[in-house]
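Try each task before you read its solution.

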Amino acid sequence: ALLLFAIWIGLVAHAAPPPSDLVKPELLADVSSIQPSKPFNLGVMKKMEPGWHTYWKNPGDSGAPTKISFTAPDGFTFDPIQFPTPIQFNQPGDIIGYGYTDEVMLIARITPPASLKPGDSIDIKASASWLCCEAVCVPGHQSLSITLPAANEASPANKELFDKDTARQSMEGS
């Protein structure tokens with residue numbers, strides 16, 4: 001009976017589903033405050049567990065791209081998401097995929113309305129979904145938000161993180 005119990009525990013432990021927190025997303029801005037009509041960048045930073053990956057806008061032979069949708073007060077405009085240059089995955093069965101390991105920031109340029117008043121506090125939300133894969137694939141989704149004050153001047157924020165992924169994006173066209 002003890003032997004059967006040990007085998008059953010081993011099977012249950014082996015069949016346990018992968019953890020749901022394989023990707024840890026965060027919504028970041030490249031400024032500490034926003035100004036009327038002055039564009040700024042928002043980025044969804046995704047940090048993946050070691051050995052796991054998510055996909056580029058063109059995932060290749062399999063996979064699904066990360067999707068991000070933003071919501072903000074009326075008058076804000078959002079440019080399309082910029083995807084940094086991916087790496088290639090050679091997956092079992094000669095399946096080629098394109099995406100990211102470790103961490104990646106997907107960036108969108110946002111323009112506030114001219115009617116934005118200094119002193120206002122602006123809430124911007126992002127809904128992100130992705131497919132994270134290793135030996136198995138696990139879909140993920142997270143609702144994110146950031147609150148930024150409106151001001152007459154803005155100073156940079158998260159500069160190193162944005163510079164790193166902006167450099168990766170500029171290589172995409174080469």
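**Exercise 1.** Find the residues with the most contacts inside the largest nonpolar core, then find the elements that build this core.

*Solution.* Start with the core itself. In this predicted model, the largest nonpolar core has 34 residues. Those with the most contacts inside it are Leu 27, Ile 34, Phe 40, Leu 42, Ile 68, Phe 70 and Ile 124. Next, look at the elements. Two or more residues come from each of β1 (23-29), β2 (40-48), β4 (67-71), β8 (103-111), β9 (121-133) and β10 (137-149). Now pick out the top contributor: β9 gives the most, with six residues.

**Exercise 2.** Which residues does Ile 34 touch, not counting residues up to four places away in sequence?

*Solution.* Select Ile 34 and apply the cut-off: heavy atoms within 4.5 Å count as a contact. Leave out residues up to four places away in sequence. The list for Ile 34 is then Phe 40, Phe 76, Pro 112, Leu 116, Ile 122, Leu 148, Pro 149, Ala 150 and Ala 151.

**Exercise 3.** Name residues of the second, separate core.

*Solution.* This core has five residues. Among them are Leu 28, Met 105, Ile 107 and Phe 162.

**Exercise 4.** Describe the whole chain: its elements, its burial and its contacts.

*Solution.* Count the elements: two helices and 10 strands. Read them in order along the sequence: α-β-β-β-β-β-β-β-β-β-β-α. Then check burial. Of the 174 residues, 37% count as buried. Last, take contacts between residues at least 6 apart in sequence. Of these, 74% join residues at least 24 apart.

Technical notes
Residues are numbered from 1 along each chain as its sequence is written. This is a predicted model: local features need pLDDT of at least 70, side-chain atom pairs count only at pLDDT 80 or more; totals for chains, interfaces and linings use all residues. Side-chain values use heavy atoms; hydrogens and water are left out. A nonpolar core is a set of buried Ala, Val, Leu, Ile, Met, Phe, Trp, Tyr and Cys residues joined through side-chain atoms within 4.5 Å. Buried means under 20% relative accessible area, exposed over 50%, partly exposed in between (1.4 Å probe, protein chains only). Helices (H or I, at least four residues) and strands (E, at least two) are DSSP runs, numbered from the N terminus.
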